[in-house]
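Please read the sequence and the structure side by side. The paragraphs that follow go through them by region.

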Amino acid sequence: MSDTHAQTAAFVRDSMIQQQDPPVSQSGAVKWVRENLFSSWLNIILTLASLWFIWAALSHLLPWMLRGIWQADSLAQCRAIRDELYGPDVSAACWAVITERWNQLLFGFYPQDLYWRPVLAFVLFLVAIAPVLFQGLPKKMLGFSLLSPFVIFWLIWGGSIWGPVAIALGFVVGWAVTRYLTPVIGVLPGVIATILAPIVYWLLVAAPLAGLLQDILPLGITPVGSKDIGGFMLALVIGVSGIVLSLPLGILLALGRQSDMFLINKVSVTFIETIRGVPLIVWLFTASLLLNYFLPPGTNFDLMLRVIIMVTLFASAYIAEVVRGGLAALPKGQYEAAGALGLDYWNSMRLIILPQALKISIPGIVNTFIGLFKDTTLVMIIGMMDPLFLANAIRATTDWNGVYWELFVFIGLCFFVFCFSMGRYSLFLEKKLRREHR
């Protein structure tokens, strides 16, 4: 190569090429489709089969839903309207059964003029649980969160206001025993006394005290019996009560199972293994039939309360194992670090161990909650009026005998809204607590 050519040839670009868009096949939806749906012959076959299945399902489902009849007094009238509008052989949903019986599916036989009470109770529940689920809200709202269960109970069941007040005082008794008696008698006797003192108070003192206060200052609203509560409202009462009560009980059982105290450890292990070894339906039959045999004669123990107790105990056993898995997943150094800081057992658990273990356990805990909420439909077996029980009752009437899918689509949609919301909150909480995103 000559010297002149070597001096004039450019080997380094002295100007930038104008920016261009990436190829269509390497960006956007086309790239995603090619990589995820048509990346191999097997994926192509599966994609085409899935598209055919979706088209076959929607081609029958959507016309059936969109051609639905919303105003009719019976299935026969619904079919007459369908024949007039679309023809005798056309498939059309009879949504009129929902517009006619939605109140039973949601509230059971709760008095219609008192629907505002369960609706207000549900709104108060959302307000009360907000500061627990989301940060940034005033901490003063936590005081309302502690009082809300008693207000909600009073709104739904009605009666004297002093009943919930007397029940709430039982928790004050337990707190007083923990605060003042436990430092004197020791941890193990203090734990036993904390559990037994409220139970003895509720069994022996609460009812007479509520009656005395009612005689002195009568305050109350129209009472509603548990037998009138049904539909999706029943599922919410049992499901929410079980979820709220089973989480703290499950955490205590998990700590008890890992305790070095022999009695606490064996009691926790026996309880967890016994509850988990028997199906929920057996415990519901126990609550419905057998529990009365162990109570004093003449005791009127509300069936719904019995079911809530059994559902809570059942869920707490599963929560305990989920939390125990989170505790076992923590490195031993976390426990040693808590001891090195000079923290006692409860402070180390509250400040260091449990926050990390619960973060690990979030998917399992929420999964247990979702399963518990869906399992509330099992109470139909013991004669309680859950949505499925009422759907069968509606289908047994002369007017709506023959309606099938419309009722179950509505019930399934109601359960889906709540279960999907719990699942999305679980994902939100996991993403928020993920340390690498901070």
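**Burial, helix packing and cysteines**

S348 counts as buried, at 9% relative accessibility; buried means under 20% relative accessible area, exposed over 50%, and partly exposed in between, with a 1.4 Å probe and protein chains only. The model is a predicted one, in which local features need pLDDT of at least 70 and side-chain atom pairs count only at pLDDT 80 or more, while totals for chains, interfaces and linings use all residues. Residues are numbered from 1 along each chain as its sequence is written, and side-chain values use heavy atoms, with hydrogens and water left out.

S348 sits in helix 15 (residues 345-375). Helices here are DSSP runs of H or I with at least four residues, strands are runs of E with at least two, and both are numbered from the N terminus. Not counting residues up to four places away in sequence, S348 touches A338, L343 and I353, where contact means heavy atoms within 4.5 Å.

E321 belongs to helix 13, which covers residues 303-329. The E321 side chain makes a polar contact with the side chain of R324, at 2.9 Å. A polar contact is a pair of N or O atoms within 3.5 Å; within protein, one must be able to donate a hydrogen and the other to accept it, and residues adjacent in sequence count only if both atoms are side-chain atoms. Leaving aside neighbours within four places in sequence, E321 is in contact with R257, I272 and R276.

Q258 lies in the loop between helix 10 (231-257) and helix 11 (262-276). Its relative accessibility is 36%, so Q258 counts as partly exposed. Along the chain Q258 and L327 are 69 residues apart, yet their C-alpha atoms are separated by 9.1 Å.

Two packed helices are described by the angle between their axes and the distance between the axes. Helix 10 packs with helix 13 at an angle of about 45°, the axes being 5 Å apart. That makes helix 10 oblique to helix 13. Axes are lines fitted to C-alpha atoms, for helices over the stretch in contact, and angles run from 0 to 180 degrees between N-to-C directions. Angles under 35 degrees count as roughly parallel, over 145 as roughly antiparallel, 65 to 115 as roughly perpendicular and the rest as oblique. The crossing of helix 10 and helix 13 is right-handed; a crossing is right-handed if the near helix is turned clockwise from the far one by less than a right angle, and left-handed if anticlockwise.

Helix 10 also packs with helix 11, at an angle of about 125° and with the axes 7 Å apart. That makes helix 10 oblique to helix 11. Helix 10 passes helix 11 in a left-handed crossing. From helix 10, the contact is made by L253, G256 and R257, and from helix 11 by I264, N265, S268, V269, F271, I272 and E273.

The buried residues of helix 5 are A96, V97, I98, R101, N103, Q104, L105 and F107. What covers them includes helix 6 (116-133), helix 10, helix 16 (387-395) and helix 17 (405-433). Just after helix 5, G108 takes a positive phi of about 70°.

Which cysteines form a disulfide? C78 and C94 do, with their sulfur atoms 2.3 Å apart; a disulfide is a pair of cysteine sulfur atoms within 2.5 Å. By this rule the count comes to one disulfide. The pair links distant parts of the chain, 16 residues apart, with C78 in helix 4 (residues 75-85) and C94 in the loop between helix 4 and helix 5 (96-107). The torsion about the S-S bond of C78 and C94 is about 135°, so the disulfide is right-handed. Both C78 and C94 are buried.

C414, by contrast, is in no disulfide. The sulfur of C419 is 11 Å from the closest cysteine sulfur, in C414, which is too far for a bond. C414 is buried, with a relative accessible area of 15%, and C419 is buried too, at 11%.
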